[in-house]
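My entries follow in the order I made them.

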Amino acid sequence: MREGTHMRRWAELICLFILLPTAMALEWLPGAKLFWLLGAALGCGIWLAVSAPGGKKWRITRPGPLPAGMLWRIGVAAVVVTALTLVLHPERFLELPRRRTGLWLLIMALYPMLSAWPQEIIYRGFFFQRYAALFHRPWAMILASGAVFAYVHVIYANTLALSLSLVGGVLLSQAYARDQSLFWVTVEHAAYGLLVFTLGLGRYFYQGG
């Protein structure tokens with residue numbers, strides 16, 4: 001990549017993954033945050049389908065076999081989120097399924113398609129393809145993808161959302177780098193999110209705590 005193109009790509013990354021979430025957090029952008037997420041995912045998805053180098057690796061309809069270790073990671077996440085909930089907010093443990101069952105079922109149904117999948121298109125599929133030339137080592141790409149994924153959660157204005165998203169983002173980026181399957185990384189992302197909402201920490205990801 002030529003130096004001018006390299007600098008423009010860095011500027012693009014900063015605008016999309018740092019400045020845009022900052023503007024959302026500061027309420028500088030009109031409309032619901034979900035619409036911005038879906039719009040960004042649509043744009044990134046179109047780029048992946050049309051222009052991405054190595055786009056054949058963007059596998060959403062051909063997921064391949066279940067990735068090794070995914071169920072183990074989800075199980076560990078369930079234990080960690082349960083422990084955090086019982087320590088920080090024991091009164092919220094299983095709050096949604098117990099007290100607001102209808103809302104919980106709605107989240108179970110919609111979260112994978114309206115949140116996990118769009119985010120994976122942006123932060124794994126698009127990010128890995130678009131910015132591959134900026135990060136020459138696999139570990140650098142994994143950390144960068146995990147970091148910008150965590151940063152978008154600045155909109156919730158609490159450190160727990162940022163911290164959990166950083167850990168989850170690095171795990172998801174590592175899984176995508178290894179398996180190259182957008183389908184399975186979306187499934188894993190959805191599992192983490194649904195655990196958070198089911199077990200009692202969901203307020204950190206829509207009310208800020």
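Entry 1, largest pocket. I looked up which element gives the most to the lining of the largest pocket, and it is H5, with 11 residues. I note here that the model is a predicted one. The volume of this pocket comes to about 1,400 Å³. I listed 48 lining residues, and nearest the centre lie Tyr111, Ser115, Gln119, His153 and Tyr156. Two or more lining residues come from each of helix H1 (3-25), helix H2 (33-50), helix H3 (70-88), helix H5 (101-130), helix H7 (159-179) and H8. I then sorted the lining of the largest pocket by class and got 39 nonpolar, 7 polar and 2 charged residues.

For the second largest pocket I have a volume of about 200 Å³. Its lining has 12 residues, with Phe128, Gln129, Ala132, Met141 and Gln180 closest to the centre. H5, helix H6 (138-151) and H7 are the elements that give two or more residues to this lining. By class, I wrote down 7 nonpolar, 3 polar and 2 charged residues for the second largest pocket.

I went on to the largest nonpolar core, which has 49 residues. Which residues have the most contacts inside this core? They are Phe17, Phe127, Tyr131 and Phe135. The elements that give two or more residues to the core are H1, H2, H3, H5, H6, H7 and H8. H8 supplies the largest share, 11 residues.

I picked Tyr131 from the core residues with the most contacts and looked up its neighbours. Leaving out residues up to four places away in sequence, Tyr131 touches Arg9, Glu12, Leu13, Leu16, Phe17, Phe126 and Met141. Of these, Phe17 is also among the core residues with the most contacts, and Met141 is one of the residues closest to the centre of the second largest pocket.

I then turned to Glu188, which lies in helix H8 (residues 182-199). Is Glu188 buried or exposed? I count Glu188 as buried because its relative accessibility is 1%, and buried means under 20%. The side chain of Glu188 makes a polar contact of 2.5 Å with the side chain of Tyr192. Not counting residues up to four places away in sequence, I find Glu188 touching Met70, Arg73, Ile74, Leu172 and Ala175.

How values were computed:
Residues are numbered from 1 along each chain as its sequence is written. This is a predicted model: local features need pLDDT of at least 70, side-chain atom pairs count only at pLDDT 80 or more; totals for chains, interfaces and linings use all residues. Side-chain values use heavy atoms; hydrogens and water are left out. Helices (H or I, at least four residues) and strands (E, at least two) are DSSP runs, numbered from the N terminus. Buried means under 20% relative accessible area, exposed over 50%, partly exposed in between (1.4 Å probe, protein chains only). A polar contact is a pair of N or O atoms within 3.5 Å; within protein, one must be able to donate a hydrogen and the other to accept it, and residues adjacent in sequence count only if both atoms are side-chain atoms. Contact means heavy atoms within 4.5 Å. On a 1 Å grid over the protein atoms alone, a cavity is a set of points where a 1.4 Å probe fits but cannot get out, and a pocket is an open set with protein on both sides within 12 Å along at least five of seven lines; lining residues have an atom within 4 Å of a point. Grid points are joined across faces, edges and corners, and a volume is the space filled by probe spheres set on the points. Ala, Val, Leu, Ile, Met, Phe, Trp, Tyr, Cys and Pro count as nonpolar, Asp, Glu, Lys and Arg as charged, and the others, Gly among them, as polar. A nonpolar core is a set of buried Ala, Val, Leu, Ile, Met, Phe, Trp, Tyr and Cys residues joined through side-chain atoms within 4.5 Å.
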